[in-house]
Amino acid sequence: MILVENISKAYGDKLILKSINLQFKQNNITVLLGKSGEGKTTLFRIIAGIEDQDEGKVIIDSTKTTMVFQDNQLYPHLNVFNNLMTPQRVILKRTKKEATIISDDILRRLNIEYLKYNTVESLSGGEAQRVAIARALAMDKDIILFDEPTSALDRENINILIGLLKDLKKDKTVLIITHDEEFSIGVADTIYRIENGEIKKA
């Protein structure tokens with residue numbers, strides 16, 4: 001569960017977020033929908049602990065959180081398989097066999113097993129985005145935060161992602177920020193729209 005209480009944020013004289021109050025529940029996919037510049041990315045970064053708010057607080061009931069950013073943040077010196085394997089072995093201390101089974105399963109479910117030994121540099125934007133999603137899912141965290149996860153995906157792969165996220169939410173809290181209304185309707189249990197720094201239930 002994530003609780004956002006009275007979050008406000010300004011850049012200079014421009015107020016970006018205005019006393020935001022939200023609760024993101026377990027076993028629920030919540031989408032923050034909004035156009036570029038409306039404050040959704042700022043709120044995401046505050047929830048993720050990357051940026052400080054001016055007022056208010058964020059309460060997260062688990063330290064087991066992972067994020068998928070629009071720019072992917074893959075390890076450029078590793079191939080696809082090792083991008084999934086390395087954080088599992090280093091952070092989660094999984095055995096090589098355990099990490100391999102999990103990695104192979106997620107690559108298959110995202111329909112990118114054919115990329116297993118490709119270098120990051122050889123990936124298209126959509127492929128890199130799917131690998132970043134796969135790496136986050138391999139970490140098996142309680143809370144998953146997605147920043148524009150469909151920005152480089154075609155409709156077929158968006159539908160694959162929707163199915164996977166709906167399956168995963170059984171024991172997770174999932175927060176997605178996006179401008180993709182069709183994706184939001186397809187995946188979300190709860191949709192909030194952010195406009196002019198304020199939250200409205202969609």
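**Sheet, hairpins and helices in a predicted model**

In this predicted model, six strands make up an open sheet with mixed pairing, in the order β5-β6-β7-β3-β8-β9.

Q: Which strands stand at the edges of the sheet, each with a single partner strand?
A: The strand order of the open sheet is β5-β6-β7-β3-β8-β9. The strands at its two edges have a single partner each, so one side of each is left without a neighbour in the sheet. These edge strands are β5 (65–68) and β9.

Q: By how many degrees are neighbouring strands of this sheet turned against each other on average?
A: The value concerns neighbouring strands of the six-stranded open sheet, and direction is ignored in the average.

Q: In which sense, parallel or antiparallel, do β3 and β8 pair?
A: β3 covers residues 28–33 and β8 covers residues 190–195, with four bridges between them. Along this pairing, Thr30 is opposite Thr190, and Leu33 is opposite Arg193. The sense of the pairing is parallel.

Q: Which residue in the turn between β8 and β9 has a positive phi?
A: β8 pairs with β9 (residues 198–201) in the antiparallel sense over four bridges, and Glu195 stands opposite Glu198. The two strands form a hairpin with two residues between them. The turn residue with a positive phi, of about 55 degrees, is Asn196.

Q: What is the phi of Gly12, in the turn between β1 and β2?
A: β1 (residues 2–11) and β2 (residues 14–24) are antiparallel partners over seven bridges, with Ile7 opposite Ile20. They form a hairpin that has two residues between the strands. Gly12 lies in this turn, and its phi is positive, at about 65 degrees.

Q: Against which helices do the buried residues of α2 pack?
A: Helix α2 spans residues 80–90, and its buried residues are Val80, Phe81, Asn83, Leu84, Met85, Pro87 and Gln88. Buried here means a relative accessible area under 20%. The packing partners of these residues are α3 (96–109) and α4 (125–138).

Q: Which residue caps the N-terminal end of α2?
A: The cap involves the backbone nitrogen of Phe81, one of the buried residues of α2. A side-chain oxygen of the capping residue lies 3.3 Å from that nitrogen. The capping residue is Asn79.

Q: With which residues is Arg45 in contact, leaving aside its neighbours within four places in sequence?
A: Arg45 belongs to helix α1 (residues 40–47) and is partly exposed, with a relative accessible area of 31%. Its C-alpha lies 9.8 Å from that of Leu145, at a sequence separation of 100 residues. Its contacts beyond four places in sequence are Ile50 and Glu51.

Q: Is Asp167 buried, partly exposed or exposed?
A: Asp167 is in helix α5 (residues 155–168). Its relative accessible area is 34%, while buried requires under 20% and exposed over 50%. Asp167 is therefore partly exposed.

Methods
Residues are numbered from 1 along each chain as its sequence is written. This is a predicted model: local features need pLDDT of at least 70, side-chain atom pairs count only at pLDDT 80 or more; totals for chains, interfaces and linings use all residues. Side-chain values use heavy atoms; hydrogens and water are left out. Buried means under 20% relative accessible area, exposed over 50%, partly exposed in between (1.4 Å probe, protein chains only). Contact means heavy atoms within 4.5 Å. A polar contact is a pair of N or O atoms within 3.5 Å; within protein, one must be able to donate a hydrogen and the other to accept it, and residues adjacent in sequence count only if both atoms are side-chain atoms. Two strands pair if DSSP finds at least two bridges between them. Axes are lines fitted to C-alpha atoms, for helices over the stretch in contact, and angles run from 0 to 180 degrees between N-to-C directions.
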